[in-house]
Amino acid sequence: LEAIRDMWKIAPASAPPPPPAAMASVGHAELDAEHEAIGALLDEAVATGSPAALRAARDEFRDHATHEEEIMRDAGFGGTGAMSAAASHAKDHNRIVALADAALAEADEADAGLAALSVKELKALAKARGADLAGCVDKLDVVAAVKAAGARLDAAPFKAAVLRHTENFDKLYVDAVSGAAPCAKKVKCTSAVG
């Protein structure tokens, strides 16, 4: 009886494993090159906390996702329909982009109330952001300098999501795309989102 009781005990929740250190290779030259470029942009975004760096990493990832989905479709990987592997893969791409969008929106919101801060508060924020206040003659100049320096944000959750995606999703299609020919037409998303 004790053994049966033990069997039904729920183990305490543990922290998720850390993400892999780098984006996985999928054996397709174009996709692997894109993974490398995204990895470099992710490293920069995490190191600098810069909204511009995160925006660049997000945009590169979004372009890559469009390209990757095209290659998967051309290789016949993942089937069709809302419950297919291809649809699940695309849904995870969208989830990851939404993580970056949320972090960028937070950074934009942080800058929205700058004009309401005192000059003393603005100067402290300018120092924290590394803003150059040389040439600032009034409060509006200080606000502009602080905005230009940009809010610092945490890009680590976005990076972890991208790395986990390559580990959990991209490994699934390696055999399907590793021998695929390079794309004749590479799709690039040109829309700029906030």
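## Helix H5 and its buried face

In this predicted model, helix H5 covers residues 119-129, and its buried residues are Leu 122, Ala 126 and Arg 129. Viewed down the axis of H5, these buried residues fall within an arc of 70°, so they line one face of the helix. Their packing partners are H4 and helix H6 (139-149).

The face of H5 turned away from the buried side carries Lys 120, Lys 127 and Ala 128, which are exposed. After H5 comes Gly 130, with a positive phi near 75°.

## The pairing of H2 and H3

Helices H2 and H3 pack at an angle of about 160°, and their axes lie 8 Å apart. Because an angle over 145 degrees counts as roughly antiparallel, H2 and H3 are roughly antiparallel to each other. The crossing in which H2 passes H3 is left-handed.

Residues of H2 that make the contact include Leu 31, His 35, Ile 38, Leu 41 and Leu 42. On the side of H3, the contributors include Leu 54, Phe 61, His 64, His 67 and Ile 71. Glutamates also take part, among them Glu 30 and Glu 34 of H2 and Glu 60 and Glu 68 of H3.

Helix H7 comprises 13 residues, 156-168. At 1.5 Å a residue H7 should span 18 Å, which agrees with the 18 Å between its end C-alpha atoms.

Buried residues in H7 are Phe 158, Ala 160, Ala 161, Val 162, Leu 163, His 165 and Thr 166. The buried residues of H7 pack against helix H2 (29-48), helix H3 (51-74) and helix H4 (85-112).

Note on methods:
Residues numbered from 1 in each chain as written. Predicted model: local features only at pLDDT ≥ 70, side-chain atom pairs only at ≥ 80, totals over all residues. Heavy atoms only, no water. Helix = DSSP H or I, 4+ residues; strand = E, 2+ residues; numbered from the N terminus. Expected span 1.5 Å × (residues − 1). Buried < 20%, exposed > 50% of the residue type's maximum accessible area, 1.4 Å probe, protein only. Contact = heavy atoms within 4.5 Å. Arc of directions from axis to C-beta. Axes fitted to C-alpha atoms, helices over the stretch in contact; angles between N-to-C directions. Parallel < 35°, antiparallel > 145°, perpendicular 65-115°, else oblique. Left-handed = near helix turned anticlockwise from the far one by under 90°.
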